[in-house]
Amino acid sequence: MSNAVVENGGIHLTDVTLELGDGEQKVLALDHVSLSVPAGQFAAIVGPSGAGKSSLLAVAGALAVPTSGTVVVNGADLTKLGTGRGAQGRLARFRLENLGFVFQSGNLIPALTSADQLRLARRMVAGGSRFDPRPGLEAVGMGHRAQNRPSQLSGGERQRVGIARALVNDPAVMLVDEPTAALDRARSHEVVKLLAERAHHDHVATIMVTHDHEVIEHCDVVYEMIDGRLTAL
C-alpha cells in the first residue's frame with residue numbers, strides 16, 4: 001500500500017452521529033464516527049449492507065447534515081455551512097466546487113459523449129469558459145473514446161469516464177460508491193488501481209465504499225463499518 005499523502009486539506013469527520021427517522025422509528029445510522037483522510041490518501045470502507053456506509057458518504061458529500069459532530073472538507077466546516085438561511089444553496093455550490101462523485105456503473109448521461117460529460121460538469125462550475133476535455137480523458141486512458149456515448153462503452157470504460165468527470169473541477173475530495181459492482185474481476189482491479197493513481201497524482205482525498213474485499217489491496221488504509229461504527233483494519 002502506498003504512503004503518498006499530502007499533510008493538508010482532505011476531509012475530517014470528528015465524532016459524527018446521524019439519526020434518521022422519528023420516535024420509535026429513529027435509527028442511529030452513524031454512531032460517533034471519526035475519520036481523517038488527508039489529501040492524496042485513498043481510503044476504503046468495507047462492511048455489510050445497512051452498516052452505515054451510504055450514510056457516511058452522504059455526510060461526507062454534503063448531502064446530509066449530521067445530528068452532531070463536525071465535518072471539515074478542505075478547511076471548510078460543513079456543519080456550519082449547512083445551517084441557517086440559504087444552507088442548501090451553499091452546500092450545493094460547495095459540492096460542485098470541492099467534491100467529486102463516482103457512482104456505480106459511472107452514472108453517465110446517456111445522450112452525451114464522453115467529452116461532453118466532462119464539458120457539462122466543468123460548465124456547472126466555470127460557466128461558459130473554454131475547456132478542453134481531452135487531457136482529462138487521456139489521464140484515465142479514454143482519450144480515444146471522447147466521441148463515444150455510454151451505450152458504446154464497456155462497464156470499465158464508463159467507470160473511467162466517470163472518474164474523469166469527478167476530477168474535472170479539481171476537487172479536494174472524491175467520494176466513490178461501489179465502483180466495481182457491475183464489473184468482472186479484471187476490470188474491478190483496473191478501475192480501483194486507477195482511482196488510487198489519480199488520488200495520489202492529483203492529491204485528492206478519496207473515500208471508496210465497497211463490498212469487494214479483493215480490490216482493497218490498492219488502498220492506503222482500510223476501515224470497516226458495522227452498525228454505524230467505524231474501525232480501522
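**Exercise 1: the core.** Which residues have the most contacts inside the largest nonpolar core, and how many residues does this core have? Then work out which elements supply it.

*Solution.* Keep in mind that this is a predicted model.

Step 1. Start with the head count: the largest nonpolar core has 34 residues. Those with the most contacts inside it are Phe42, Leu137, Val161, Ile163, Met174, Leu195 and Met208.

Step 2. At least two residues each come from β3 (42–46), α4 (114–126), α6 (155–167), β7 (173–177) and α7 (185–201). The top contributor is α7, which gives six residues.

Step 3. Zoom in on Val161. Skip its neighbours within four places in sequence, and Val161 still touches Leu108, Ser114, Gln117, Leu118, Leu137, Met142 and Leu153.

Step 4. As background, nonpolar side chains in soluble globular proteins tend to be buried together.

**Exercise 2: salt bridges.** Find out how many salt bridges the model has, then sort the partners of three of them into buried, partly exposed and exposed.

*Solution.* Step 1. The count comes to nine salt bridges. Background for this one: side chains of opposite charge can pair when their charged atoms come close.

Step 1. Take Asp31 and Arg229, whose side chains meet with N to O at 2.7 Å. This pair ties together distant parts of the chain, with Asp31 in strand β2 (residues 27–37) and Arg229 in strand β10 (residues 229–232), 198 residues apart.

Step 2. Sort that pair. Buried means under 20% relative accessible area, and exposed means over 50%. Asp31 has 13%, so Asp31 is buried. Arg229 has 53%, so Arg229 is exposed.

Step 3. Next up, Glu19 and Lys26: their closest N and O atoms are 3.6 Å apart. Glu19, at 36%, is partly exposed, and Lys26, at 44%, is partly exposed too.

Step 4. Last, Arg134 and Asp132 form a salt bridge with an N to O distance of 2.9 Å. Arg134 counts as exposed at 52%, while Asp132 counts as partly exposed at 34%.

**Exercise 3: pockets.** For the largest and the second largest pocket, give the volume and say which element gives the most to the lining.

*Solution.* Step 1. The largest pocket comes out at about 410 Å³. Its lining has 17 residues, with Leu96, Phe101, Ala121, Met124 and Arg165 nearest the centre. Two or more lining residues come from each of α3 (87–98), β6 (99–102), α4 and α6, and α4 gives the most, with four. By class, that lining splits into 11 nonpolar, four polar and two charged residues.

Step 1. The second largest pocket holds about 250 Å³. It is lined by 15 residues, and closest to its centre sit Gly136, Leu167, Val168, Asp170 and Asp202. Here α4, α5 (134–139) and α6 each give two or more residues, with α5 giving the most, three. This lining has nine nonpolar, one polar and five charged residues.

Key. Residues are numbered from 1 along each chain as its sequence is written. This is a predicted model: local features need pLDDT of at least 70, side-chain atom pairs count only at pLDDT 80 or more; totals for chains, interfaces and linings use all residues. Side-chain values use heavy atoms; hydrogens and water are left out. A nonpolar core is a set of buried Ala, Val, Leu, Ile, Met, Phe, Trp, Tyr and Cys residues joined through side-chain atoms within 4.5 Å. Buried means under 20% relative accessible area, exposed over 50%, partly exposed in between (1.4 Å probe, protein chains only). Contact means heavy atoms within 4.5 Å. A salt bridge is a side-chain nitrogen of Lys or Arg within 4 Å of a carboxyl oxygen of Asp or Glu. On a 1 Å grid over the protein atoms alone, a cavity is a set of points where a 1.4 Å probe fits but cannot get out, and a pocket is an open set with protein on both sides within 12 Å along at least five of seven lines; lining residues have an atom within 4 Å of a point. Grid points are joined across faces, edges and corners, and a volume is the space filled by probe spheres set on the points. Ala, Val, Leu, Ile, Met, Phe, Trp, Tyr, Cys and Pro count as nonpolar, Asp, Glu, Lys and Arg as charged, and the others, Gly among them, as polar.
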